[in-house]
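User: Please take a close look at the side-chain contacts in this model. Keep it brisk, and place each one in the fold.

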Amino acid sequence: MQGIVVIFFFNPLEKTVIWPWLFRPALFLKKNLKKRFTFLNLIKNVLFVNDMTGAVELSMDMNYPEILYAAMWHHKREPWVVISGGEGDGLYKSVDGGETWKKIHNGLPEEKGKMAIAASRANSDKVYAVIESDSNKDLGGLFVSDNAGESWNRVSDDNRLTQRAWYYIEVFPD
């Protein structure tokens, strides 16, 4: 199994810690802090897309911690090939702490590469995403949802936001 823990969140309502694993397979683990070493959903692919796709970003709505947003990235990097984007790319939303996920894509480009997603702490309806897309078609950039991910509008097409996406693509609302 490949994977490294990159982000974790504490859910104050359930007193659990939620981790995503980066790359393949995409695993979301919950640890019950009341009972040490009790794991729920261990080795359960609750957001599995395909063998080339993994979770690269997870954002929690800090006002409603059961609401999570995930960015899934279809990629491969070897000395002879670089793939950033494919059939597995997408943004997803969970309203039950990661048990089930719904793809959110209305208003986003069809061709996506690496992405970052973040929910606003000040306004739960506002969610931001930076999306790498086919640079020849100039479809990537900064996208904003004003309805908790149901639909998206591109607010910036500045290519500097997605240059070197493998290393530097992030979004932090404040």
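Analyst: **Salt bridges and a buried serine**

Lys102 and Glu150 form a salt bridge, with their closest N and O atoms 3.2 Å apart. The two residues come from distant parts of the chain, 48 residues apart: Lys102 sits in strand β9 (residues 102-104), Glu150 in the loop between β12 (141-145) and β13 (153-156). The model is predicted, so local features need pLDDT of at least 70 and side-chain atom pairs count only at pLDDT 80 or more, while totals for chains, interfaces and linings use all residues. Residues are numbered from 1 along each chain as its sequence is written, and side-chain values use heavy atoms, leaving out hydrogens and water.

A salt bridge here is a side-chain nitrogen of Lys or Arg within 4 Å of a carboxyl oxygen of Asp or Glu. Strands are DSSP runs (E, at least two residues), numbered from the N terminus. Lys102 is partly exposed, because its relative accessibility is 44%. Glu150 also counts as partly exposed, at 39%. The cut-offs are under 20% relative accessible area for buried, over 50% for exposed, and partly exposed in between (1.4 Å probe, protein chains only).

The structure holds five salt bridges. Another of them joins the side chains of Glu111 and Lys137, at 2.9 Å from N to O. This pair, too, links distant parts of the chain, 26 residues apart: Glu111 lies in the loop between β9 and β10, Lys137 in the loop between β11 and β12. Glu111 is partly exposed at 34%, and Lys137 is partly exposed at 46%.

Glu78 and Lys76 form a salt bridge as well, with 3.7 Å between the closest N and O atoms. Glu78 has 27% relative accessibility, so it counts as partly exposed. Lys76 is partly exposed at 29%.

Now the strand pairing. β6 (residues 68-78) pairs with β5 in the antiparallel sense, over seven bridges. Pairing requires at least two DSSP bridges between the strands. Tyr69 in β6 is the bridge partner of Ser59. β5 (residues 53-60) is mostly covered, with eight of its eight residues buried.

Ser124 touches Tyr69, along with Asp61, Asn63, Tyr64 and Ala148, not counting residues up to four places away in sequence. Contact means heavy atoms within 4.5 Å. Ser124 lies in the loop between β10 (115-119) and β11 (127-131). It counts as buried because its relative accessibility is 14%. Its side chain makes a polar contact with the side chain of Asn63, at 2.9 Å. A polar contact is a pair of N or O atoms within 3.5 Å; within protein, one must be able to donate a hydrogen and the other to accept it, and residues adjacent in sequence count only if both atoms are side-chain atoms.

Terms used:
Helices (H or I, at least four residues) and strands (E, at least two) are DSSP runs, numbered from the N terminus.
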